[in-house]
Amino acid sequence: MIYHPETYAIPDERMKPFIDENEIWDFINKTANPTKERVREIIQRSLDKHRLSLEETATLLNATDPELIEEIKNGAKELKEKVYGKRIVLFAPLYVGNFCVNNCKYCGFRASNKKQVRTTLSEEELVREVEALEDNGQKRLILVYGEHPKYDANFIANSVRTVYKVKKGNGEIRRVNINAAPLDIEDFKIVHESGIGTYQVFQETYHRPTYTDVHISGKKSDYDYRLTGLDRAQEAGIDDVGIGALFGLYDWRFEVLGLIRHVNHFEVCYNVGPHTISFPRIKDASEYNMDDKWRVSDEEFVRLVAILRLAVPYTGMILTAREPAEIRDEIMSFGVSQIDGGTKLEMGAYSKEDDNQDLNKEQFKINDNRSLGEIIDELLDKDYIPSFCTACYRLGRTGEHFMEFSVPGFIKRYCTPNAMLTLAEYMEDYAKPEVKAKGEKVITKNLAEMEEGKTKELLKERLEKIREGERDLYF
Ligand code: SAM
Ligand code: SF4
């Protein structure tokens, strides 16, 4: 068990609120004006593969000297290259319904927004969307729902089952993740049984007064119920969970420490950290009128992602199309493990092939409109290996990010070969000829760099089988 002495969480603190605002501010205040030596020592601790403590993370947050900021960014880059290599996992969000009983000030779906056109995909419409996504080459989806009695556990579980059943051509969805409201334990069990991957619930802000201020009414206005949501998921058997904070609601340094405190709570109570961390920044939305007191600048955003990478080196990090392509490209090198591609938020938009956003039919504005094909093309240009791998989840190897990080040789034996196999499938079935040629080059280069041995021989055989028409081969 990973235990940090500063943590007061003990196993019977499960399902109890664990954020202490004063504790977080104390860490921020007492680490002000850190010395260069101290900051460098902390970066090195992370490079030596230690999860950082709250005190150490707060010290990095307080490093404002441009030279140190550069060292933090370089440290995150080095960690990513050293541990994770060049893979980037791709997925797409699929909004199932935008009815919502809550009033979250920042969200276009909030109940009081009369301009929002409400829709729930019917089963046929859901199938059409999944077919369109499969036609583009997607293999991993995250289903997203507003919070509404219509979207109860059985509804969510049924939509997951529907998605898994859709098979168009060589297409299939191999992993369905969820972003929805937190549930009770019995309801989480129902969703778990449908075979989901990760269940994501973002706390939005860990700062209780701000939380109360922005969640005006509805079930979501209960801070503690939200905070303990993923504890109930764990109790229901969902050990693959994703946490997140919506940056722009409160001081970003406080939110980073809130996320680390959440990680720390999971480690102590469940002996496993969260599977992923998300760090969405607030974007424009229908009838949006929040002040921008806590707006996070691009420079601060880049810093916070690098600090998160160093603080929790074993966790998957997700960067979405909320951010423009240039920011995504820059931040990807700091250790982001998953990005979405070809993203559309309007319900039904994947099958309509309509690229224009209508905020009155969507949750917020996205800033990266590139298609999946364009993103893959650009990833290949930058020497990344785009991956659709779902092997660990399907072989029951849970906690794969942790294994990637901690099991020597895991990435070489499993992740890189699986990334190459899924890329090879994509190239055979969906890529334009010039992208296919680039993909071939990346695969040849990575094969050449692999150590001789059984894995390499098997990989060559499997790549050949994919060229001959076999699918879904993995290690
Ligand atoms: N309704 C569920 C809930 O609130 O948990 C599902 C989540 S919501 C559909 C997905 C996430 O989008 C939210 O948790 C929030 O962090 C984010 N979000 C909401 N409004 C946003 C905005 N204006 N800009 C960026 N992200 C936003
Ligand atoms: Fe509803 Fe979620 Fe939007 Fe809040 S963030 S209004 S709960 S969809």
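Reply: What follows covers the ligand site, the core, the aromatic rings and the cysteines.
Reply: This is a predicted model, in which local features need pLDDT of at least 70 and side-chain atom pairs count only at pLDDT 80 or more, while totals for chains, interfaces and linings use all residues. Residues are numbered from 1 along each chain as its sequence is written, chains are lettered from A and ligands numbered from 1 in the order in which they are written, and side-chain values use heavy atoms, with hydrogens and water left out.

Me: How many residues surround ligand 1, and which are the closest?
Reply: Ligand 1 is surrounded by 21 residues, counting a residue if one of its heavy atoms lies within 4 Å, and the closest are Tyr106, Glu204, Lys220, Arg226 and Lys283.

Me: What does the side chain of lysine 220 do there?
Reply: One of its polar side-chain atoms lies 2.8 Å from an oxygen atom of ligand 1, which is a polar contact (a pair of N or O atoms within 3.5 Å). Taken alone, ligand 1 exposes 570 Å², of which the protein buries 97%, with areas from the Shrake-Rupley method and a 1.4 Å probe.

Me: And which backbone comes up against a nitrogen of ligand 1?
Reply: That is tyrosine 145, where a polar backbone atom is 3.1 Å from a nitrogen atom of the ligand.

Me: Switching to the core, which residues touch the most other members?
Reply: In the largest nonpolar core, of 148 residues, they are Tyr199, Phe279 and Leu304. Such a core is a set of buried Ala, Val, Leu, Ile, Met, Phe, Trp, Tyr and Cys residues joined through side-chain atoms within 4.5 Å, and buried means under 20% relative accessible area (1.4 Å probe, protein chains only).

Me: What about aromatic pairs, how many are there?
Reply: The whole structure has 15, with rings of Phe, Tyr and Trp (its six-membered ring) pairing if their centres lie within 6.5 Å, and planes under 30 degrees apart counting as stacked, over 60 as edge-to-face and the rest as tilted. Tyrosine 250 and phenylalanine 254 pair edge-to-face, at 5.3 Å centre to centre and 75° between the planes, and both are buried.

Me: Why does cysteine 269 count as buried?
Reply: Because its relative accessibility is 2%.

Key
Buried means under 20% relative accessible area, exposed over 50%, partly exposed in between (1.4 Å probe, protein chains only). A polar contact is a pair of N or O atoms within 3.5 Å; within protein, one must be able to donate a hydrogen and the other to accept it, and residues adjacent in sequence count only if both atoms are side-chain atoms.
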